[in-house]
2 protein chains.
Amino acid sequence: MNIIQPDLSSILNFISERDISAYKKQIRDHYTSLYNRTGKGSEFLGWIDLPQIFSTDVPGEIQSHAASLKDKADVFVVIGIGGSYLGARAVIEALSHHFGTLHDKKRFPLVLYAGQNLSEDYLADLMDVLDQKDYAVSVISKSGTTTEPALAFRIIKNHIEKKYGKEEARKRIIAITDKQKGALRKLAEEEHYRTFVVPGDVGGRYSVLTPVGLFPVAMAGMDIRELLHGALDMATHIRDKKDDFENNPASLYAAARNALYRSGRKTEILVSYEPRLFHFSEWWKQLFGESEGKEHKGIFPAAVTNTTDLHSMGQYIQDGERNLFETVLSVKSPTAELGIPSDADNLDELNYIAGKRIHEVNLKAEQGTTLAHIDGGVPNFRINIPFINEYSLGQLIYFFEMSCAISGYILGVNPFNQPGVEAYKRNMFALLGKPGFEKETGNLKRKD
Amino acid sequence: MNIIQPDLSSILNFISERDISAYKKQIRDHYTSLYNRTGKGSEFLGWIDLPQIFSTDVPGEIQSHAASLKDKADVFVVIGIGGSYLGARAVIEALSHHFGTLHDKKRFPLVLYAGQNLSEDYLADLMDVLDQKDYAVSVISKSGTTTEPALAFRIIKNHIEKKYGKEEARKRIIAITDKQKGALRKLAEEEHYRTFVVPGDVGGRYSVLTPVGLFPVAMAGMDIRELLHGALDMATHIRDKKDDFENNPASLYAAARNALYRSGRKTEILVSYEPRLFHFSEWWKQLFGESEGKEHKGIFPAAVTNTTDLHSMGQYIQDGERNLFETVLSVKSPTAELGIPSDADNLDELNYIAGKRIHEVNLKAEQGTTLAHIDGGVPNFRINIPFINEYSLGQLIYFFEMSCAISGYILGVNPFNQPGVEAYKRNMFALLGKPGFEKETGNLKRKD
């Protein structure tokens with residue numbers, strides 16, 4: 001059991017160990033609140049035990065149903081938004097070929113996404129694909145009435161029933177929704193769709209280790225048991241070390257980022273050097289931004305993919321406003337193997353690295369960047385990841401979830417609600433004339 | 001001639017007209033410095049006249065060479081990083097089908113990218129594709145020795161020569177580089193590659209309207225004359241209105257964002273509601289971040305794609321730290337046509353919008369969000385774009401370039417250099433033991 005550990009050493013150039021360990025006592029209390037279900041948002045703490053719960057038999061059901069579907073679908077459409085979208089996509093893209101079906105190694109359905117936006121052009125283009133490819137679809141929504149996924153599902157349901165007939169269509173649709181209530185549950189029962197349950201005590205951004213994330217990940221051919229195994233090892237480790245501040249990765253990360261925030265660091269940039277971690281960073285942005293960004297406080301979450309972004313955002317990070325810090329996902333080994341050839345002419349002056357692996361250059365770029373940013377005044381965490389696979393992603397997911405819960409409690413907010421997300425929806429419903437929003441419509445008209 | 005105009009009205013809830021017009025006099029001087037080539041960074045002002053210069057015959061050469069290549073390539077690989085990558089990708093993705101080759105409407109090569117990172121896994125996956133697809137490649141680098149693209153080209157050059165033989169490979173390689181000097185120019189002449197010139201007085205992030213952007217865009221089947229036409233109309237408009245502050249979009253945007261920055265708004269979020277504008281936002285982030293992020297100042301550029309990110313970053317923007325403002329790319333009409341069907345059961349409660357176009361719902365989401373964010377304390381610019389096409393992208397590109405130049409001058413920095421980008425490179429070279437960096441290697445070792 002090799003537990004991912006954040007390296008805080010360079011942070012100590014900017015804040016003292018005392019600034020960090022100042023949170024030690026309250027963090028102990030926060031673990032008590034979390035494990036005893038007594039803190040803020042305690043009705044949404046189901047995520048704490050997910051790795052344990054699902055290390056029993058749910059993955060088996062998911063895997064067997066995914067296996068029964070995979071051969072009849074070239075494409076698998078995941079309909080969902082927010083937490084019903086980002087977790088699955090984060091894991092799937094981190095473990096997929098970078099170029100979809102443009103190669104011959106693909107043995108599982110290609111996963112595409114719908115219901116995560118309201119772009120007419122996007123959905124029309126997706127329908128072009130679905131006209132031509134055999135497909136299946138999962139619709140993921142606790143209520144079944146969230147506008148974006150409901151709208152996409154309405155259109156895709158019509159399409160799939162027309163394409164395959166109502167009977168076969170039913171077999172190609174999976175509903176992931178509340179156990180008992182809501183529009184999607186009702187529809188699924190009427191139509192006899194296969195369903196999986198979104199636990200009522202798990203919020204969207206903490207739901208990747210429920211069927212919300214697990215079913216799409218299994219459809220993409222990934223090993224969900226290993227994902228849960230990684231999460232379980234991290235959960236056990238954090239719980240074992242709940243009173244051992246210095247050796248608990250979640251405690252250290254939560255404490256250090258709050259100490260940095262208090263010292264004026266308002267923006268945290270999650271840095272990776274692997275483009276396939278892009279959606280993992282998006283998942284992280286939701287997790288932290290939606291948990292902490294309330295009551296006019298919280299760290300603004302941003303992300304870069306290097307070395308790409310060293311040639312765009314790099315200048316700012318090196319020399320701009322000094323209100324930033326970075327958290328670097330440092331991947332030790334690549335999956336592929338590609339070396340740098342020698343060249344007789346050496347016009348490009350690269351022969352000094354000929355014979356090396358490309359990844360070695362990537363690691364030196366990472367080290368060079370960290371040193372440059374520390375010199376430039378930007379604190380850098382490093383999170384060492386031996387290898388991108390299901391097991392390490394499981395660890396990372398649980399590590400960030402627990403860090404976020406502790407961090408939100410330190411900040412003094414409820415990290416499990418998202419009251420601000422309703423504001424645009426109310427206005428949108430009013431502008432669209434939705435029944436029940438007549439009062440809001442009147443208010444908006446008066447503002448004009 | 002319909003010129004894109006930013007709508008600043010909501011900004012006036014946060015800062016006064018006087019705060020904005022305070023920059024009026026100095027902006028007049030900045031235009032003089034720019035048009036007379038006398039300001040900071042004056043050796044890199046070639047971009048100002050690009051739309052005019054290239055409205056003559058260069059596009060013809062680019063178009064005809066692209067036309068001669070397109071039928072023998074299923075895939076076109078663009079090798080470049082930073083400004084030699086983002087401009088082309090911004091335009092190509094904004095005007096492409098969302099799902100690559102997964103449909104049957106594709107008539108031009110699919111554009112893929114290399115040399116924009118140092119990921120061994122990414123490049124190995126790309127080689128899987130190039131093993132199977134017919135392809136051509138452009139290598140874009142002023143010097144030919146920038147590590148990322150040079151390394152990718154070294155590997156792809158070997159591959160393409162092995163696949164097609166040296167003679168045919170030469171016809172499939174296009175070098176876009178300096179007119180006379182540098183390693184890539186030398187190689188291109190030895191190998192008799194077709195070349196296009198990167199003008200010496202145009203920096204990377206301002207180079208999309210040179211062959212750096214134009215050739216890849218033409219290969220993808222887009223109309224580069226219309227792109228230049230849009231840019232020329234915007235260039236003419238801005239120049240005509242250089243002393244007419246209130247009617248000059250670049251003046252207004254540059255002034256207002258500096259006024260907001262001075263009032264404590266440290267982060268600007270570029271907002272779009274169309275996922276295919278994602279890389280346009282990335283291009284914008286480089287343009288502004290690299291131009292302004294220096295001397296420990298500058299606005300931090302971030303981007304969101306809604307409504308996707310309303311379900312992740314939305315909570316923070318609505319309720320987090322109030323040091324943000326937003327600039328919204330508001331697209332009036334979609335390209336596709338897809339309506340919302342009625343449903344007899346209406347379990348999803350969407351019948352109130354049945355019969356509407358999806359885009360109408362998207363626009364109401366945008367309006368509802370803008371109102372919610374203003375209520376929540378986040379100023380919102382709006383930039384009205386009638387339609388995403390070559391012409392409007394050309395306008396937008398020039399609008400942002402000139403706004404950025406003016407804005408950088410207001411901030412008091414040189415918006416045309418990027419000294420901070422060298423810092424990581426020096427460390428990386430030292431860590432890799434590059435000849436000529438022995439002194440830096442020694443310095444790094446002493447730090448250990």
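**Note on the domain and chain contacts**

1. Start with the two domains of chain A. In this predicted model, 29 residues of domain 1 of chain A are in contact with 24 residues of domain 2 of chain A. Domain 1 is made of two stretches, 6-39 and 229-411, while domain 2 covers 46-222. Their C-alpha centres lie 29 Å apart.

2. The area buried between domain 1 and domain 2 of chain A is about 2300 Å². Carbon and sulfur atoms give 65% of that area. Eight residue pairs are in polar contact between the two domains, with both residues at pLDDT 80 or more. On the domain 1 side, helices H2 (24-35), H10 (224-240), H12 (278-292) and H15 (390-411) of chain A each supply at least two of the residues that touch domain 2. By class, that side has 17 nonpolar, four polar and eight charged residues.

3. Two salt bridges are counted between the domains of chain A. Asp49(A) forms a salt bridge with Arg37(A), and their closest N and O atoms are 2.8 Å apart. Look at Arg37(A) again for its backbone. Its phi is near 60°, a positive value in a residue other than glycine. Arg37(A) sits in the loop between H2 and helix H3 (50-53) of chain A.

4. Now the chain as a whole. Chain A has 17 helices and 10 strands. Its radius of gyration is 23 Å, close to the 22 Å that the globule rule gives for 448 residues, so chain A is as compact as a globular protein of that length. The C-alpha trace of chain A spans about 60 × 60 × 55 Å along its principal axes.

5. Next, the contact between chains. Here 137 residues of chain A are in contact with 137 residues of chain B. The two chains bury about 11500 Å² between them, and 63% of it is on carbon and sulfur atoms. Which three residues supply more than any others of the area that chain A buries against chain B? They are Glu120(A), Arg154(A) and His311(A), with 8% of that area.

6. The polar side of this interface deserves a look. Between chain A and chain B there are 56 residue pairs in polar contact, both residues at pLDDT 80 or more. Helix H14 (residues 358-376) of chain A gives the most to the side of chain A that touches chain B, with 13 residues. That side has 57 nonpolar, 44 polar and 36 charged residues by class.

7. Eight salt bridges are counted between chain A and chain B. One of them joins Arg276(A) to Asp121(B), with the closest N and O atoms 2.6 Å apart.

8. Over all chains, the count comes to 61 salt bridges. Among them is the pair Glu292(A) and Arg257(A), whose closest N and O atoms are 2.9 Å apart. Glu292(A) lies in helix H12 and Arg257(A) in helix H11 (residues 249-262) of chain A, so the pair ties together parts that are 35 residues apart in sequence.

9. Last, check the cis peptide bonds. In chain A, the bond from Asn306(A) to Thr307(A) is cis, with omega near 0°. Thr307(A) lies in the loop between strand S8 (300-305) and helix H13 (314-319) of chain A. In chain B, a cis peptide bond joins Asn306(B) and Thr307(B), with omega about 0°. Thr307(B) is found in the loop between strand S8 (300-305) and helix H13 (314-319) of chain B.

Conventions: Residues numbered from 1 in each chain as written. Chains lettered and ligands numbered in written order. Predicted model: local features only at pLDDT ≥ 70, side-chain atom pairs only at ≥ 80, totals over all residues. Heavy atoms only, no water. Domains from an automatic or database assignment. Contact = heavy atoms within 4.5 Å. Buried area = accessible area lost by both parts, 1.4 Å probe. Salt bridge = Lys/Arg side-chain N within 4 Å of Asp/Glu carboxyl O. Polar contact = N/O pair within 3.5 Å; in protein donor to acceptor, adjacent residues only side chain to side chain. Helix = DSSP H or I, 4+ residues; strand = E, 2+ residues; numbered from the N terminus. Nonpolar A, V, L, I, M, F, W, Y, C, P; charged D, E, K, R; others polar. Rg over C-alpha atoms; globule rule 2.2 N^0.38 Å.
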